[in-house]
Amino acid sequence: MPSSTQTDMRTNWTGVMFGFLLASLAAFQQFKLPPMLPEMLATYDYQPTLAGGFMSIYAAIGLVATLLIGRLMQRYGAILLLAAGFGLALSGNALALAIPGDGYVMLGARALEGLAFAVFAVAGPVYTSRNAAPKHLPLAIALSAMWIPVGQLAASALVPLAEITIGWRLLWLATAGATLSLGFWAISIQTGGRASLDLKPPASAAGATPVRISGLEWAALSLGAALFTLWSAQYFAYMTWLPKFLVDRHGLSPNLATLAYSVPVAILLVFAILTSWALRRGVPVALMLITSICLQAAVWFALPVTDTITLGAVSLVLYGIGIGFTPVCLFALPSTILGSKRAGPNAFAVLMTGRNMGVLIGPMLLPQVLLWTGQWEMSGVVFGSITALAAGGAVVLGLILLKLGRSRPD
């Protein structure tokens, strides 16, 4: 069997791609909802805050389950949990297709999918990084930041077909088909010996000396988690409600709204690769993080004046550039703060906990702002302020990294 650790001289591309596609499937599960949300709201008249919970339930499940899933994988391996994830994903899709008119049943279906997401979101990035040789680690970091937009784009690509056939149900059926396909591929990979999907630590690690993390390093990791919370809150609010905003505010058809929704996501993919390239060439993480977050804050604050199609398109492009840099920088923080040899599961668990908190808050906060004010413009003020706070935190993080003598992952 090909070895799948970072110490190998060669990258196991089967393992890398399986991890990336597994995580992308998780994102596809989550983000099949936003482009179809206008249709579903019109058909089933879900209460807006409850509809926001269809996204945030993923984060709530993640906050409760992610650390436990990581510990179970570390102790018992990933095979049984991976199988459970595939079963949960299929069950959630089936329940939503069977009883879509009840908002609380739909929330329960999304909760089952959220449990599967938690499994896939832990296992996928680990497969990607463990199967990458050292020279390919920067690419692995970029892939770790790209799986969510890839899932978003895959879901958006099906919307035009859905609208001329069976509507939102097409995306749920497609998700079930993709889940089955990846499940069968997992069986083929494991039984064929092309990569190990077990994820048990090597026996030699049993007596390894625990990683010591200084107080300043813990402060940097904690601040990084807080930045991930703030950034994820505004990002997931933006991406959850953008199709609805474009329909309501700009009068776009659902098809055009979906196309516009895909613009920043597509730009993200390009700039995530550029960020990986910049990291390899020594550009400081903090500098890119501060700049990109400031750009996103400016887009939010400019919401009241970007009320034409031209200015709206410019806004989408600028936001896409910003979100291309930020997640790669955030996922690079553990290896920047600690170095790649010391950046283990605990460091990434701290970071992902911050992310899940932001995903929980953002999609539910934006509809509340609309209920309180009745104006989309006020969401720009609220989320612009949240993003500006993240930019200030990134400045503080940059100062801590200077004190630690760290500027980029190694």
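1. Trp 13 is found in helix α1, which covers residues 13–31. The model under review is a predicted one. With a relative accessibility of 41%, Trp 13 counts as partly exposed. Together with Leu 139 and Ile 273, Trp 13 makes a nonpolar surface patch of about 250 Å².

2. The next point concerns charged side chains. The count of salt bridges comes to two. In one of them, the side chains of Lys 32 and Glu 113 meet at 2.8 Å, taken from N to O. Lys 32 lies in the loop between α1 and α2 (37–44), whereas Glu 113 belongs to helix α5 (residues 103–130), so this pair ties together parts that are 81 residues apart in sequence. Are these two residues, Lys 32 and Glu 113, buried or exposed? Both Lys 32 and Glu 113 are buried.

3. A salt bridge also joins the side chains of Arg 110 and Glu 113, with an N to O distance of 3.1 Å. Arg 110 and Glu 113 are three residues apart in helix α5, and therefore about one helical turn separates them. Both Arg 110 and Glu 113 are buried.

4. The backbone at Asp 45 deserves a separate remark. Most residues other than glycine have a negative phi. Asp 45 is not a glycine, yet it has a positive phi of about 55°. Asp 45 lies in the loop between α2 and α3 (48–76). Its relative accessible area is 67%, and Asp 45 is therefore exposed, since the cut-off for that class is over 50%.

5. Leu 221 is found in helix α9, which comprises residues 215–250. Leu 221 has a relative accessible area of 2% and is therefore buried. How far apart are the C-alpha atoms of Leu 221 and Leu 351? They are separated by 7.1 Å, although the two residues are 130 residues apart along the chain.

6. Which residues of α11 are buried? They are Val 285, Ala 286, Met 288, Leu 289, Ser 292, Ile 293, Gln 296, Ala 297, Val 299 and Trp 300. Seen down the axis of α11, these buried residues fall within an arc of 165°, so they line one face of the helix.

7. The last point concerns cysteines. How many disulfides does a search of the whole structure find? The search finds zero disulfides. Cys 294 is in no disulfide, and the nearest cysteine sulfur, which belongs to Cys 329, is 13 Å away. As to accessibility, Cys 294 counts as partly exposed at 40%, whereas Cys 329 counts as buried at 0%.

Notes. Residues are numbered from 1 along each chain as its sequence is written. This is a predicted model: local features need pLDDT of at least 70, side-chain atom pairs count only at pLDDT 80 or more; totals for chains, interfaces and linings use all residues. Side-chain values use heavy atoms; hydrogens and water are left out. Helices (H or I, at least four residues) and strands (E, at least two) are DSSP runs, numbered from the N terminus. Buried means under 20% relative accessible area, exposed over 50%, partly exposed in between (1.4 Å probe, protein chains only). The arc is that of the directions from the helix axis to the C-beta atoms. Patches are made of residues with over 30% relative accessible area and no salt bridge: like charges are joined within 9 Å, nonpolar side chains (Val, Leu, Ile, Met, Phe, Trp, Tyr) within 5 Å. Accessible areas come from the Shrake-Rupley method with a 1.4 Å probe; for residues, only the protein chains shown count as cover. A salt bridge is a side-chain nitrogen of Lys or Arg within 4 Å of a carboxyl oxygen of Asp or Glu. A disulfide is a pair of cysteine sulfur atoms within 2.5 Å.
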